[in-house]
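Here is a briefing on one protein model. It covers a sheet, the helices on it and the nonpolar cores.

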Amino acid sequence: MATEISRTMLFHFLFSGLTFTFLVTLTISFDPYFLHYCANNMGNYTANSAYERDLNTIFKQITSITKSNYGFYSKKVGEVNAMALCRADVKLDVCTGCLNETISRVKLDCPNNKEAIGWSADCTLRYSNTNLSEKLEINPQTCLYNTGSTADEYFRLRLGELLSDLRNKAASGSALLKYAAGNSSLRASERLYALVQSTPDLSEGDCNHCLDKTATNGILRCCLKQRGCRVLSPSCNLRFETYPFVEAGAEFPPPPSPLGARQKEEEEPNKSKRTPVLVASLSVIFGIAVVSISGFLIWKRRNNEDTEYREIQLLDLVEGRIDM
């Protein structure tokens with residue numbers, strides 16, 4: 001069961017000299033399927049050492065990002081190298097929230113390890129005292145699989161075709177994003193959904209190779225007869241299910257064109273010349289306050305429903321083991 005943390009948000013609205021205080025409690029759930037790897041053979045750092053300070057600096061930088069950067073972040077401070085990769089279909093706030101949680105979990109599970117990996121539902125975090133950039137790392141691999149099973153050869157045939165197609169699309173992506181998601185038909189009205197992604201610093205060949213090994217070795221050794229599975233490695237990952245799981249409409253937009261960037265620069269000076277003048281009566285202010293509260297409560301209810309739906313989707317997942 002997910003561990004829950006309650007945060008209280010305090011809203012103040014002024015009306016006729018009175019202060020209205022509204023207490024709203026938000027519930028945030030930890031990812032119950034977080035996985036980690038501690039590289040015990042790479043040594044440990046000591047408390048208050050330069051390595052720990054550099055590592056904490058990187059963690060602060062990663063969790064303070066304000067631009068999507070297509071979900072990929074590569075940092076180096078002192079001796080510490082770090083990489084973070086968010087699923088390309090999640091929004092920036094989901095990405096940063098996932099990275100915050102993953103950092104906390106890795107620090108608890110791999111205390112003082114100089115090298116570690118944390119895999120969460122929406123992101124992957126790696127750090128090491130060795131170079132990580134443009135370096136293909138297939139191992140260690142791990143997986144989570146759906147307990148629903150199938151012996152249908154047609155299912156595995158369609159899965160292989162879909163993953164092969166997505167692998168080629170992702171590998172041919174840019175240096176900003178190597179990701180692909182899609183679906184294909186199965187028997188009757190059933191469909192198969194899949195997502196593949198690698199770190200975009202990899203070459204096309206390395207990305208293709210990573211996803212190929214993840215699909216062949218990972219699925220073969222972990223979830224060959226399962227109806228859903230996630231195979232996770234340091235440089236890439238994949239997932240397939242018989243229900244849609246990709247966040248619709250949340251994928252990162254394509255890079256802006258040079259023309260679009262110039263137009264934006266030209267518009268900025270004009271914006272600075274505009275001075276908005278706001279005139280509002282007490283009744284208007286009160287109306288805005290009521291609408292704001294109503295909108296927030298509606299968002300909270302929908303957010304709770306989305307969280308419950310995502311947790312229901314994951315109930316049948318169990319951790320698998322991939323022996324190398």
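L35 stands opposite W119 in β6. This is a predicted model: local features need pLDDT of at least 70, side-chain atom pairs count only at pLDDT 80 or more, and totals for chains, interfaces and linings use all residues. Residues are numbered from 1 along each chain as its sequence is written, and side-chain values use heavy atoms, without hydrogens and water.

**Sheet**
- Strand β6 (residues 116-119) runs antiparallel to β3, and 4 bridges join them. Strands are DSSP runs of E, at least two residues; helices are runs of H or I, at least four; both are numbered from the N terminus. Two strands pair if DSSP finds at least two bridges between them.
- The open sheet has 5 strands in the order β3-β6-β7-β5-β4, with antiparallel pairing.
- β3 (35-38) and β4 (72-77) each have a single partner strand, so one side of each lacks a neighbour in the sheet.

**Cores**
- A nonpolar core is a set of buried (under 20% relative accessible area, 1.4 Å probe, protein chains only) Ala, Val, Leu, Ile, Met, Phe, Trp, Tyr and Cys residues joined through side-chain atoms within 4.5 Å.
- The largest nonpolar core has 27 residues; V196, I219 and F240 have the most contacts inside it.
- Elements giving two or more residues to this core include α3 (153-171) and α4 (204-222). α3 gives the most, with 7 residues.
- Beyond its neighbours within four places in sequence, F240 is in contact (heavy atoms within 4.5 Å) with residues including F155, L159 and I219.
- A second, separate core of 26 residues includes Y51, V80, C86 and V90.

Notes
Buried means under 20% relative accessible area, exposed over 50%, partly exposed in between (1.4 Å probe, protein chains only).
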